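Hi there,

Here is the structure I promised to pass on.

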Amino acid sequence: MTKINITLPDNSVKQFPKGITSLEIAGTISEGLARNVLAAKVNNEVQDATLPINTDATLQLLTWNDEEGKATMWHSSAHLMAEAIELLYPGVKFGIGPDIENGFYYDIDFMDYSISSDDFEKIEQKMLELAREKQTFKRREVSKAEALEYFTRKNDEYKVELINELEDGHISFYESGYFTDLCRGPHLPDTNPIKAVKLLNIAGAYWRGDISRKQLTRIYGITFPKQKELNDYLELLEEAKKRDHRKLGKELELFTFSQRVGQGLPLWLPKGAILRDKLEQFLKRVQHKAGYEQVISPHIGHVDLYKTSGHYDKYGEDSFKPIKTPVPDEEFFLKPMNCPHHCEIYRSKPRSYKDLPIRLAEFGTVYRYEQSGELHGLTRVRGFTQDDAHIFCRPNQVKDEFKGVMDIVMRIFKALDFENFTVQISLRDPENPQKYLGTSENWEKAEQAIIEVAEERGLKNTVIKYGEAAFYGPKMDFMVKDALGRSWQLGTIQVDYNLPERFDLEYTGSDDEKHRPVMIHRAPFGSMERFVAVLIEHCAGRFPLWLAPEQVIILPISEKYQEYAEKVLEFLNNSDIRAQIDDRNEKTGKKIRDAELSKISYMVIVGEKEESSQTLSVRKHGFGDMGTFGIQDFIDLLTDEIDNAMNQ
RNA sequence: GCCGAUGUAGCUCAGUUGGUCAGAGCAGCUGAUUUGUAAUCAGCGGGUCGGGGGUUCGAAUCCCUCUAUCGGCUCCA
């Protein structure tokens, strides 16, 4: 019998007969391992554990502890769900059903069945029932003709469409139980590991992501090898919901919406306004040091301004409609971007190469008519304020300026403890050049600049996405996830050779000739609204002291100590500490409870003891009693905490 | 915009199959209490049951429509 050499992850080499499967190898190591094997990585490629190995190979057995093992299980779970659904709703048609970061989904055309989340339990039960049958996943290579025939007979035009795009000779089917699916795999040996099933939500999803095609029903679900893990996961989801900025924003009185004001138009409440104001002050200071100048521009602009910039052609139809004036045919737009205004500021006087770079910054409020279904708390709104700036520079300054902006973004993320972000380099969609403005040459220059800077800075967690660029230039976007794992773009840096051309921007070079500056659009926070939303979720409403709307609350034991409380308040206020007195006729325990629930950073309790010794009893939110402090010592403690956070 | 779900006092939620179903807790107001590290007690006020239309003797409850919110899709200058 021919032997093959299998190299295991610990670099040990073992001999096995040719044709042995990964699962059988697992069995030779331990029975427990064999039970837990979900898939195998053979020569670095994930495949079915039941596939024979015919050559010398490296082998890694994948279990629930491996990302790829989980992915395999979830992909198989999608098949299991499809099988259950096919049995419960005969005649439905299937689109695609992949595994995703947390679980899986399947897009299904339910034909005439009407289905809602009320049906989940029935499907879950069926899935568990089928899983217990230990149905094996059998892979079968099929010819294109055979594949087409099978799904044509089944009347599933979605699968037929997919198969038509595949190359003959590279098509496989997987059979499990009563269900056969077109699938590349890999899959579990059998359905046995799927012990806990939860369908999570249901939604419409356009076939192939194309709005002009039929909307299928997408069902999301997740499975686990143990019921307890499912319970833990669901608990985690519940915890995450508590951090939702929409919930905390209401509870902590940071912002609100009003149907009467309008959808997607946030109202910042006093406490939220403090938070936002502190962030703006912080960034203004950072930018001032980095050579930025603040400018201010109006909220509307003449329609010609946006025709010049290209925004009118690109978004005119999908924006708020123009504002009319008493003058016939005169129209103004609510500004969707600050850049056209800033271009005009640049044009306000002749510029010399010695002036560049010019960095114009503005907290500019813009208005965009986002689709109603897109609006989402503070993360997606119709009126928002960008921490915008436009850098006008010479071509040879682009990279240094870009790096300077990256430093500001990093500085901010660090100050706020944002560690888990990804950097997305957003380039043109090579298939759709007509979506973009400007020459291919300029685009290449701009894209090249960003890619080079990213390389030179050695950024980790960088991904390149084609088709994600703005219509006038490529971007570097800083993406952060919210409490529920949804990814949002915060900071953005964009290199733009196009607008300077459209606005005919120039500077006089040392050669006394006219030259075209390059523009960098940038917003480290992105928008104040979205940034605050993510910040709220990031710290679960427990803001760092320098941002906390309420830093201190003074709790007099009874009204006898009101006078002393007021004296303490005056000291704190004089040191720029945001403090208030809780002079309600309540017991101290109640005042403490309320202060804790409001997530106020520090509680200061004053009574007989404190007044006579001119001290304070300090309690820290989420920590508890910190003991007695002199008034000045307490102020020093807070100002140190604030200074350290802002200067780190 | 599309698919699905939801919308009851300021907040969180009860309201069985349409028939005293307009409720509770918290918040608010009034009074008592003068309080020591996560809820003192008592009383009171507060809702066109998201808006509009319809079915019915009768609608918070059933139907239609609009609107907002939630979960996705699509979009995101």
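Let me start with a pair of helices. The axes of α13 (residues 398-415) and α14 (residues 440-457) come within 10 Å and cross at roughly 60°. That angle makes α13 oblique to α14, and the crossing of the two is right-handed. On the α13 side the contact is made by Val398, Lys399, Phe402, Lys403 and Met406, and α14 brings Ala449, Glu452, Val453 and Arg457. By type, these contact residues are 5 nonpolar and 4 charged, with no polar ones. Please keep in mind that this is a predicted model.

Helix α3 (residues 67-88) and helix α4 (residues 120-132) have axes that come within 9 Å and cross at roughly 115°, so α3 and α4 are roughly perpendicular to each other. Their crossing is right-handed. Among the residues making the contact are Leu80, Met81 and Ile85 of α3, along with Ile123, Met127 and Leu130 of α4. The contact of α3 with α4 divides into 10 nonpolar, no polar and 3 charged residues.

Then there is the RNA. Around RNA strand B there are 60 residues, of which Gly204, Pro336, Ser372, Gly373 and Gly607 come nearest. This surface divides into 18 nonpolar, 23 polar and 19 charged residues. Helix α18 gives the most to it, with 7 residues. Elements that each supply at least two residues include β14 (196-206), β15 (215-224), α8 (245-251) and α19 (608-613).

How values were computed:
Residues are numbered from 1 along each chain as its sequence is written. Chains are lettered from A and ligands numbered from 1 in the order in which they are written. This is a predicted model: local features need pLDDT of at least 70, side-chain atom pairs count only at pLDDT 80 or more; totals for chains, interfaces and linings use all residues. A residue is near a molecule or strand if its C-beta atom, placed from the backbone, lies within 6 Å of it. Helices (H or I, at least four residues) and strands (E, at least two) are DSSP runs, numbered from the N terminus. Ala, Val, Leu, Ile, Met, Phe, Trp, Tyr, Cys and Pro count as nonpolar, Asp, Glu, Lys and Arg as charged, and the others, Gly among them, as polar. Axes are lines fitted to C-alpha atoms, for helices over the stretch in contact, and angles run from 0 to 180 degrees between N-to-C directions. Angles under 35 degrees count as roughly parallel, over 145 as roughly antiparallel, 65 to 115 as roughly perpendicular and the rest as oblique. A crossing is left-handed if the near helix is turned anticlockwise from the far one by less than a right angle, and right-handed if clockwise. Two residues are in contact if their C-beta atoms, placed from the backbone, lie within 7 Å.
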